[in-house]
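Below is a short briefing on the structure shown here. The points are grouped by topic for quick reference.

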Amino acid sequence: MALDYRKCAEEIVANIGGRENVAQAAHCATRLRLVIKDNGKIKKSALENVEGVKGMFENNGQLQLIIGTGTVNKVYDEFLAVTGMSAATKDDVKAAAAAQQPVWKRALKSIGDVFVPILPAIVASGLMMGLVEALGKFIPSFEGSDWYGFLDMVANTAFAFLPVIVAVSAARVFGGNQFLGAVIGLLMIHGGLLNGWNVGSEEAINSFFGITTGKIPTWNLFGNLKIGGYTLGSISRHGYQGHVIPVVIAVWLMCKIEKWLHKHTPEMLDLFIVPLVTVFVTALATFIVIGPIFAQLENWVLDGAKILVKNVFGAMIMGAIYPLTVVMGLHHMYNVIEAGMLSSAAKLNTWMPIASAANFAQFGACLAVGIKARNMRTKSVAVPSSLSAALGITEPAIFGVNFRFMKPFLCGMAGGAAGAVFGAITGIGAKSYGVTGIPGYLTIDNQLLYTILLLIAGGVAFILTWFVWKEEPAEGGGDVAEKAAAGAGEACELPGAVKASGEEVTKKTVISSSAGEIALPTPGKVIPYTEIPDPTFASGALGQGIGVVPSEGVVFAPYDGEISSVADSKHAIGITGAEDQELLIHVGVDTVEMKGDGFKTFVEEGDKVTKGQKLMEFDIEKIKAAGHPDTVVVLLTNSDDYDDVKFGDI
């Protein structure tokens with residue numbers, strides 16, 4: 001019996017709290033995607049029993065109802081008619097969903113969006129820094145060699161100019177000019193300013209400025225005009241190397257100023273006025289307001305840390321909050337504490353075990369994510385980032401993984417606290433400073449106790465993360481057109497000729513029912529749909545079928561029929577066949593994120609096709625290089641309509 005699309009839409013509206021409870025509505029090839037104002041008004045059990053709704057879940061602020069290819073668009077049309085709403089794009093829905101998220105979630109998402117594109121740079125630099133530093137400690141003669149100097153320069157580049165990289169990425173995220181963003185980043189590490197890593201060193205200050213006071217000079221732009229104890233327009237002449245948050249804030253402000261000026265500046269003057277005013281005003285705000293706030297914060301953190309590290313309770317607090325100071329770029333200040341400890345009568349750096357515990361805990365949390373994650377891109381970032389953290393360079397692990405997902409970050413803080421307590425109780429310390437993690441074995445005074453400390457910190461963080469963190473499915477997890485971006489790029493021409501013919505490939509029947517036979521659409525190894533590396537596909541929520549590990553990048557029509565849908569990003573095709581068979585052919589998992597790169601389709605919606613006709617070409621190597629499984633998903637999305645669905649030899 002055919003689905004009553006109108007009735008389905010009416011029942012959906014009734015069970016989500018009515019029209020007034022819907023902020024936005026859109027659909028992709030298999031799902032109705034809704035942004036709900038008040039989730040408390042949703043009648044979930046009733047929704048699941050609506051005829052036509054095959055499943056539901058909430059993800060990234062959206063309520064997604066699985067309806068099926070060739071059907072969801074018709075239900076959506078009726079949904080619009082019932083509610084009186086106008087059609088929205090998937091991007092509209094995503095924007096509306098994001099706007100409904102709590103402020104802290106939006107802030108974290110923005111930080112994640114800034115750091116994800118630059119992960120390759122900081123992961124590579126982090127690993128190389130750790131390795132070079134370890135080699136220098138293990139082989140003293142290597143530390144003074146030319147190779148050491150060269151490798152150290154290569155390894156440090158991304159971190160030395162991190163504010164520039166962050167600024168460019170932040171400008172992209174916040175919608176500003178990326179080159180103006182780069183200027184702001186460069187301003188914050190200008191060669192005329194004291195390196196931000198040396199602000200706590202009197203010797204470095206005196207050497208750089210040619211003074212003897214040990215205090216960083218200032219530029220007083222408005223003379224000695226004071227407001228209370230603050231000199232108006234006073235700029236401390238130091239840079240912000242290693243800082244992250246102040247850079248992001250500065251570029252966010254820059255983008256706001258730039259956008260406002262674009263709206264209010266005559267077009268013929270825009271090129272002259274907007275860049276000049278944007279950079280000048282942002283520079284003033286950065287060095288007069290944003291900078292001093294973080295400079296004061298550095299002083300407070302340093303003073304507080306000096307007090308706290310003297311007892312077990314304080315060590316626990318510092319072991320927990322140390323990663324937060326890494327996020328804010330304040331952790332370089334601790335070198336002052338370490339130097340002071342080594343110059344005392346005891347000549348023992350008891351701060352190092354605290355920092356090591358905190359860093360190794362972030363390693364444990366990141367490693368747990370890397371092992372547990374099913375998403376190959378997450379795994380490919382988490383594993384090398386964890387290795388970098390084990391060597392004492394935690395930025396890749398924190399910014400690329402732990403802080404982005406938050407729960408691993410918090411678990412790492414707990415592990416750091418536990419390890420720091422052990423370090424404080426045992427009283428172990430180092431004979432040097434600036435080294436943590438595995439290289440710390442070269443400076444610690446008790447290797448056995450240090451090993452136990454690392455096991456406690458890393459183990460607690462790993463175990464907590466393993467049980468607390470759950471990988472959220474990629475938005476739409478397996479949906480045909482999930483995350484398809486507006487204006488996806490044109491499909492590229494694929495290199496090489498396709499060897500197999502449609503006639504050869506489609507000789508093998510892989511799915512059959514009373515409605516007819518479905519042939520193999522692409523050459524390769526056939527696997528059960530339950531083994532497809534995506535929870536939504538593997539659950540059968542979108543229908544039963546098979547997966548194919550492809551040996552060639554080509555898709556043929558598995559039967560005579562009509563093309564019911566072609567994804568905007570070219571990676572998925574729906575075909576309607578005899579007896580209303582609804583087949584979905586989806587190439588790869590999460591390949592929608594490739595936005596058409598590596599895919600070429602030869603049909604359009606509404607085209608009639610015959611068995612063996614070429615429908616699509618795809619580049620297997622590009623899919624793998626992008627970090628996605630290349631499994632071709634073949635599902636009979638209305639398999640519930642048949643009692644006799646059978647599968648060929650698998």
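Predicted model: local features only at pLDDT ≥ 70, side-chain atom pairs only at ≥ 80, totals over all residues.

Residues are numbered from 1 along each chain as its sequence is written, and side-chain values use heavy atoms, with hydrogens and water left out. Helices (H or I, at least four residues) and strands (E, at least two) are DSSP runs, numbered from the N terminus. Buried means under 20% relative accessible area, exposed over 50%, and partly exposed in between, with a 1.4 Å probe and protein chains only.

**Helix H16**

- Helix H16 covers residues 351-372, and its 22 residues should span 32 Å at 1.5 Å a residue; the expected span is 1.5 Å times one less than the number of residues.
- The end C-alpha atoms of H16 are 32 Å apart, which agrees with that expectation.
- Of the 22 residues of H16, 19 are buried, so the helix is largely enclosed by the rest of the structure.

**Aromatic pairs and a charge over a ring**

- Rings of Phe, Tyr and Trp (its six-membered ring) pair if their centres lie within 6.5 Å; planes under 30 degrees apart count as stacked, over 60 as edge-to-face and the rest as tilted.
- Searching the whole structure gives eleven aromatic pairs.
- One of them is the stacked pair of Phe462 and Trp466, with 5.8 Å centre to centre and 15° between the planes.
- Both Phe462 and Trp466 belong to helix H20 (residues 447-468), where they are four residues apart, about one turn of the helix.
- An α-helix has 3.6 residues a turn, so residues three or four places apart point the same way.
- Phe462 is partly exposed at 25% relative accessible area, and Trp466 is partly exposed at 32%.
- The pair of Tyr529 and Phe647 is tilted, because the ring centres are 6.3 Å apart and the planes stand at 45°.
- This pair links distant parts of the chain, 118 residues apart: Tyr529 is in the loop between strand E11 (524-528) and helix H22 (535-539), and Phe647 is in strand E21 (residues 646-647).
- Tyr529 is buried at 17% relative accessible area, whereas Phe647 counts as partly exposed at 31%.
- Lys372 lies over the face of Trp466, 5.8 Å from the ring centre; the criterion is NZ of Lys or CZ of Arg within 6 Å of the ring centre and within 35 degrees of the ring normal.

**Strands**

- Two strands pair if DSSP finds at least two bridges between them.
- Seven strands form an open sheet with antiparallel pairing, in the order E11-E12-E20-E16-E15-E14-E18.
- E11 and strand E18 (608-609) stand at the edges with a single partner strand each, so one side of each is left without a neighbour in the sheet.
- Strands E14 (residues 561-566) and E15 (residues 572-576) run antiparallel and are joined by four bridges; Val566 has Ile573 in E15 as its bridge partner.
- Strands E9 (residues 509-513) and E10 (residues 516-519) also run antiparallel, with four bridges, and form a hairpin with two residues between them.
- The bridge partner of Ile511 in E10 is Ile518.

**Thr631**

- Thr631 sits in the loop between helix H23 (620-625) and strand E20 (632-636), and is buried at 6% relative accessible area.
- Its contacts (heavy atoms within 4.5 Å), not counting residues up to four places away in sequence, include Ile527, Pro533, His586 and Val587.

**Cysteines**

- The whole structure holds zero disulfides, a disulfide being a pair of cysteine sulfur atoms within 2.5 Å.
- Cys8 is buried at 2% relative accessible area, and Cys255 is buried at 1%.
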